[in-house]
Amino acid sequence: MAGKDAARLPRKAYERELLRLQTELVKVQEWVRAEGVRLVVVFEGRDAAGKGGTIKRVAEHLNPRVARITALPKPTERERTQWYFQRYVEHLPAAGEIVLFDRSWYNRAGVEHVMGFCTSEEYRLFLRQCPIFERMLVEDGIMLRKYWFSVSDTEQQERFRKRLQDPLRRWKLSPMDLESLTRWEAYSRAKDEMLVHTDVPEAPWYVVESDDKRRARLNMIAHLLGSLPYREVPPPVLELPARPPSTGYQRPPRDLQTYVPDYAARL
């Protein structure tokens, strides 16, 4: 483990470059808002591949009214009777918005297919319709970027072990996550077939090596920035106004309101 840790990107270099890239993401946000761009970024990959941490860094300094994270739960009984892509369509961006899909319609090509949650006919239909669906999005002017986070089996198992022992991250583990360890090859075959059918020129896949989370985050964000024709939008000129003179307002006595106890004073 010592040699493995030594090969990872140093924290100081990572944090310095991450801040620079996040500053550029804010510029992208303002460009999206000013130009009425519609941007969709799809994050896919194996469990514990680092998607969530990367999404968190992408959105960390962005306005949630402009950039929102979409992570849909399992479909309801009503949604199961809809056209498969229907419930994703309502989460697509309007002009001036960014949507980050923490998993997406590709659930059908991955977990649903491997775990038997969909039929073979539904799976095959998805592989035929998905490129058509994504071409429609792109033809309508939506900017679509798709990232697959690739993690090795040994690194995934180590991350699962750490989550199992960490009370702050224990919630990230589910029985289905652990079962993915025993279905590694099945998920690998599903991913390979998914890429064959859906890696199309209009909406290509970009694979992110994510055994080193720091490198993966920087690489993904840098690639996203490089793929967008954004420009810096000059911010409006703002000046703090002078505080007006008092008109005699008196704050009510403190004992008329209920204050949170000063818990921090006991530390």
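Biologist: Of the contacts in the chain with a separation of 6 or more, what share comes from residues 24 or more positions apart?

Modeller: A contact here means heavy atoms within 4.5 Å. Residues 24 or more positions apart account for 80% of the contacts with a separation of 6 or more. Before going on, note that this is a predicted model: local features need pLDDT of at least 70, side-chain atom pairs count only at pLDDT 80 or more, and totals for chains, interfaces and linings use all residues. Residues are numbered from 1 along each chain as its sequence is written, and side-chain values use heavy atoms, with hydrogens and water left out.

Biologist: How many helices and strands are there in the chain?

Modeller: Helices (H or I, at least four residues) and strands (E, at least two) are DSSP runs, numbered from the N terminus. By that rule the chain has 11 helices and five strands. Its C-alpha atoms fill a box of roughly 75 × 50 × 45 Å along the principal axes.

Biologist: What percentage of the residues of the chain count as buried?

Modeller: Buried means under 20% relative accessible area, exposed over 50%, and partly exposed in between, using a 1.4 Å probe and protein chains only. Of the 267 residues, 39% count as buried.

Biologist: Where does α7 bend?

Modeller: A bend at a residue is the angle between axes fitted to the seven residues ending there and the seven starting there. In α7 the bend is about 35° at Q129, and the proline P131 follows within four residues. Just after the helix, G141 takes a positive phi of about 105°.

Biologist: Which residues of α7 are buried, and what do the buried residues pack against?

Modeller: An α-helix has 3.6 residues a turn, so residues three or four places apart point the same way. The buried residues of α7 are Y123, F126, L127, C130, P131, F133, E134 and L137. They pack against α5 (86-89), α6 (111-115), β4 (143-150) and α10 (184-198).

Biologist: And which residues of α3 are buried?

Modeller: In α3 they are K51, G53, T54, I55, V58 and A59. Their packing partners are α2, β1, β2 (67-70), β3, β4 and α11 (213-227).

Biologist: Now the loops. Is G50 buried or exposed?

Modeller: G50 lies in the loop between β1 and α3 (51-59). Its relative accessibility is 16%, so G50 counts as buried. Not counting residues up to four places away in sequence, G50 touches F149 and R159. The C-alpha atoms of G50 and D211, 161 residues apart along the chain, are separated by 8.5 Å. The loop between β1 and α3 also holds A48, a residue other than glycine with a positive phi near 65°. A48 is buried because its relative accessibility is 6%.

Biologist: Where is R103 found?

Modeller: R103 is in the loop between β3 and α6. R103 has a positive phi of about 70° although it is not a glycine. It is partly exposed, at 25% relative accessible area. N107 is in the loop between β3 and α6 too, but N107 is buried, because its relative accessible area is 16%. Leaving aside neighbours within four places in sequence, N107 is in contact with E44, Y84, Y88, E112 and H113.

Biologist: How many cavities of 30 Å³ or more does a search of the whole structure find?

Modeller: On a 1 Å grid over the protein atoms alone, a cavity is a set of points where a 1.4 Å probe fits but cannot get out; a pocket is an open set with protein on both sides within 12 Å along at least five of seven lines; lining residues have an atom within 4 Å of a point. Grid points are joined across faces, edges and corners, and a volume is the space filled by probe spheres set on the points. The search finds one such cavity, and the largest cavity has a volume of about 50 Å³. Its lining is L25, V28, L39, V41, V58, L62, I98, L100 and L224. The elements giving two or more residues to that lining are α2 (11-35), β1 (38-45) and β3 (97-102).
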